[in-house]
Amino acid sequence: MSSTDVTPSDPWLVSLAAAHAWEPRIDAWAYLDDAAAERPAADGPLAGAPFAVKDVIDVAGMPTGYGWNAHKATPARADAAVVAALRA
């Protein structure tokens, strides 16, 4: 396999497909970011790697629900420090 056989978005697409396939049975995700694979990855050590964030941690543009549906209407305005570090 050459390096051109895998694109940076492939890990995201595989992970999202698995999450969508299992979600109806395990109810594990508060929010799935289907558009993540389309955004350019940073150049850091985790560039292009999918990661999950508990819904008690702010991720810009995504709902921070604290495990409670009443909070899901308001998306976070900015990333928490730990999310910013993962994206860097």
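## Alanine 60 and its contacts

Let's start with alanine 60, which touches Ala76, Arg77, Ala78 and Asp79 when residues up to four places away in sequence are left out of the count. This is a predicted model, so please read each value here as a computed one.

One of those partners deserves a second look. Alanine 60 and alanine 78 lie 18 residues apart in sequence, yet their C-alpha atoms are 4.3 Å apart in space. You can find alanine 60 in the loop between α1 and α2. Is this residue buried, exposed or in between? Alanine 60 has a relative accessibility of 35%, so it counts as partly exposed, because that class covers values between 20% and 50%.

Next comes alanine 49, which sits in the loop between α1 (10-26) and α2 (81-87). With a relative accessible area of 29%, alanine 49 is partly exposed.

Which distance separates the C-alpha atoms of alanine 49 and proline 11? They are 6.5 Å apart, while the two residues are 38 residues apart along the chain.

## Aspartate 27 and its phi angle

The last stop is aspartate 27, also placed in the loop between α1 and α2. Its relative accessible area is 63%, so aspartate 27 is exposed, because exposed means over 50%.

What is the phi of aspartate 27? The angle is near 45 degrees, a positive value in a residue other than glycine. For background, most residues other than glycine have a negative phi.

Conventions. Residues are numbered from 1 along each chain as its sequence is written. This is a predicted model: local features need pLDDT of at least 70, side-chain atom pairs count only at pLDDT 80 or more; totals for chains, interfaces and linings use all residues. Side-chain values use heavy atoms; hydrogens and water are left out. Helices (H or I, at least four residues) and strands (E, at least two) are DSSP runs, numbered from the N terminus. Buried means under 20% relative accessible area, exposed over 50%, partly exposed in between (1.4 Å probe, protein chains only). Contact means heavy atoms within 4.5 Å.
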